[in-house]
Amino acid sequence: MKFTQTFIPTLKEAPRDAEIVSHKLLFRAGLIRKLSSGIYSYLPLGIRSIQKISNIIREGMRRGGAQEVLLPLVIQKDLWEESGRWQAYGKELLRFQDRHEKWFTLGPTHEEVIVDLVRSDVKSYKQLPVNLYQIAPKFRDEIRPRFGLMRGREFIMKDGYSFDRDEANAGVTYQKMYDAYTWIFSQCGLRFQAVEADTGTIGGNFSHEFMVLANTGEEAIVSCDACGYAANVEKAEIGYPEPAVAAPAPAGTAPVLVETPGRHTVEEVSAFLHVPAAGIMKTMIVKADNDVVAAVIRGDRELNLIKLKNALGADEVALAGDADCVRLTGAHAGSIGPVGLTVRIVADLEIRTVGPAVAGANQDDHHYTGVVQGRDFQPSQFADIRNTVAGDRCPRCSKPLGITRGIEVGHIFRLGTKYSRKMQAEFLDENGKSQPFVMGCYGIGVGRTLAASIEQNNDKDGIIFPLGIAPYELELISINMKDRDIADTAESLYRDLSADGFDIIYDDRDLSPGMKLKDADLLGFPMRVIVGTKFKNEGVLEIKVRQTGEVVMATRETLREKLAELRKTLSPKS
């Protein structure tokens with residue numbers, strides 16, 4: 001393809017609402033344009049990358065034994081009511097009526113549709129396993145779309161679903177998908193890590209996220225270099241040693257009530273009373289389904305609502321509003337503590353070892369000092385309910401844990417029978433008895449993978465595309481289109497390299513060398529060949545590798561061989 005024959009509208013400046021690197025560079029390099037909030041058009045370069053990512057996914061799915069289908073985007077209400085998600089999914093589910101006043105949704109995910117498809121045609125264990133996937137648009141009505149392709153409302157997703165006869169076979173399929181995802185993201189040229197994760201609104205009993213490692217990532221990844229344990233911060237466990245014998249509560253006087261005027265945060269109370277944040281018990285009132293609990297953690301820790309939800313066995317948890325806090329405790333947030341509370345108390349495991357501490361007194365602008373767990377209040381439950389921090393013990397080997405940042409690009413789930421039981425999707429086993437399908441679910445954000453790659457691979461000049469997903473692997477630049485020798489040579493090379501199978505774009509624009517080279521850095525194609533005065537005077541062509549900045553000289557006779565060697569070097573291992 002020639003520059004003058006394609007649509008590549010590069011920009012000097014990114015839009016004002018572009019906050020992160022990938023959002024800025026996707027716009028500046030002319031890969032996407034915004035239609036409305038969270039909704040984007042893919043331009044020629046963008047769609048070429050999306051197609052390359054999609055083809056890698058297709059090959060990975062083939063290796064894992066999955067088959068491609070294409071499911072409707074518009075889904076009737078009835079199916080979502082069968083699964084119980086019509087109301088439970090929340091406002092992200094875009095609901096609308098057709099001209100016959102029947103309710104539909106634009107599918108944010110397709111569990112219901114695939115279950116309906118399989119239950120209609122798969123009746124016997126002899127037809128199992130079944131593993132189907134699609135690559136198609138999705139829609140989620142995000143309350144605050146941001147970061148370009150990272151969190152849009154309309155997006156391209158690979159979603160796959162497996163059906164097995166039992167948990168053992170479902171585990172085999174899950175491992176095949178885990179291996180397929182590892183291959184896919186390796187072929188995309190990404191540095192990534194698979195981590196244990198919470199199952200969230202999709203459900204199920206086990207899942208892994210595939211995280212692209214990037215300092216700008218929204219997600220915190222907890223990992224252990226010693227044994228390889230890894231999980232996202234929502235799921236990460238902490239290796240607490242169990243006390244051999246429960247420590248007796250120290251005897252002594254009751255807690256002392258002190259006035260703390262205008263001090264509501266841990267930092268303010270810590271400075272006012274001259275105690276470290278670790279010596280404060282932070283108490284939060286939380287709504288858990290139809291119940292209310294008080295969660296108690298150390299003052300220097302952050303409450304993890306996902307861990308709390310799992311510890312309680314709840315479907316939904318959320319911090320209580322200020323009015324509920326006052327009604328239940330007599331105080332506003334910042335003055336709440338566990339002493340004298342009538343609601344159920346769930347304490348973090350660390351609270352077992354916190355000595356006499358400061359805690360809210362359930363009176364505005366007052367705190368207690370000398371509060372002791374077991375003497376002054378008794379938790380109903382101890383559980384790991386805080387965020388993991390660097391230096392915590394690994395739950396597997398007790399070595400220190402580290403924290404890195406990542407971007408979720410894939411998520412795989414062991415769903416079990418959550419959907420098949422609710423939707424009465426069953427098959428006959430070898431004894432003629434009806435059994436529910438045991439399911440798995442496997443997603444990849446295709447556009448998000450493109451954006452995550454750019455977050456991971458860029459410099460001050462622009463994008464640095466990995467070879468496997470670059471819109472073009474090779475850019476040919478004629479430095480001076482007015483010089484017939486240079487222009488004719490470049491045209492001839494373009495024809496020859498195209499015929500040799502190189503995925504090439506030829507910058508044949510009549511622009512200055514500086515503008516062409518600046519665009520080349522911005523667009524970030526892996527290899528670049530420059531036809532300039534060196535070739536005219538010395539017969540030498542300049543090859544530049546975008547990733548490393550390495551410059552290789554070649555003659556016309558050796559060009560193809562050197563490019564083939566570089567392509568091999570830049571290609572991911574299969």
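Residues are numbered from 1 along each chain as its sequence is written, and side-chain values use heavy atoms, with hydrogens and water left out. Because the model is predicted, local features need pLDDT of at least 70 and side-chain atom pairs count only at pLDDT 80 or more, whereas totals for chains, interfaces and linings use all residues.

Student: How many helices and strands does the chain have?

Tutor: Helices (H or I, at least four residues) and strands (E, at least two) are DSSP runs, numbered from the N terminus. The C-alpha trace of the chain spans about 95 × 70 × 50 Å along its principal axes. In secondary structure, the chain has 15 helices and 31 strands.

Student: What percentage of the 574 residues in the chain is buried?

Tutor: Buried means under 20% relative accessible area, exposed over 50%, and partly exposed in between, with a 1.4 Å probe and protein chains only. Among the 574 residues of the chain, the buried share is 52%.

Student: Is R119 buried or exposed?

Tutor: R119 lies in helix α5, which covers residues 111–121. Contact means heavy atoms within 4.5 Å, and R119 touches L79, E82, M423, A425 and F437, not counting residues up to four places away in sequence. Its relative accessible area is 16%, so R119 is buried.

Student: With which side chain does the side chain of R119 make a polar contact?

Tutor: A polar contact is a pair of N or O atoms within 3.5 Å; within protein, one must be able to donate a hydrogen and the other to accept it, and residues adjacent in sequence count only if both atoms are side-chain atoms. The R119 side chain has such a contact at 2.9 Å, and the partner is the side chain of D116.

Student: How are α1 and α11 oriented to each other?

Tutor: Axes are lines fitted to C-alpha atoms, for helices over the stretch in contact, and angles run from 0 to 180 degrees between N-to-C directions. The axes of helix α1 (residues 21–28) and helix α11 (residues 446–456) come within 8 Å and cross at roughly 105°. Angles under 35 degrees count as roughly parallel, over 145 as roughly antiparallel, 65 to 115 as roughly perpendicular and the rest as oblique. The two helices, α1 and α11, are therefore roughly perpendicular.

Student: How do the residues of the contact of α1 with α11 divide into nonpolar, polar and charged?

Tutor: On the α1 side the contact is made by V21, S22, H23, L25 and L26, and on the α11 side by L450, A451, I454 and E455. Ala, Val, Leu, Ile, Met, Phe, Trp, Tyr, Cys and Pro count as nonpolar, Asp, Glu, Lys and Arg as charged, and the others, Gly among them, as polar. The division is six nonpolar, two polar and one charged.

Student: Why is α11 described as largely enclosed by the rest of the structure?

Tutor: The buried residues of α11 include L450, A451, I454 and E455. The helix is largely enclosed because the buried residues number 11 of the 11.

Student: Which residue of β8 is the bridge partner of V130?

Tutor: Two strands pair if DSSP finds at least two bridges between them. Strand β7 (residues 130–139) has nine of its 10 residues buried, so the rest of the structure largely encloses it. It pairs in the parallel sense with β3 (residues 67–68) over two bridges, and in the antiparallel sense with β8 (residues 154–164) over 10 bridges. Within β8, the bridge partner of V130 is F163.

Student: Which residue in β6 stands opposite F96?

Tutor: Three strands form an open sheet in the order β4-β6-β5, with antiparallel pairing. Within it, β5 and β6 (residues 103–106) pair over three bridges. Opposite F96 stands F104.
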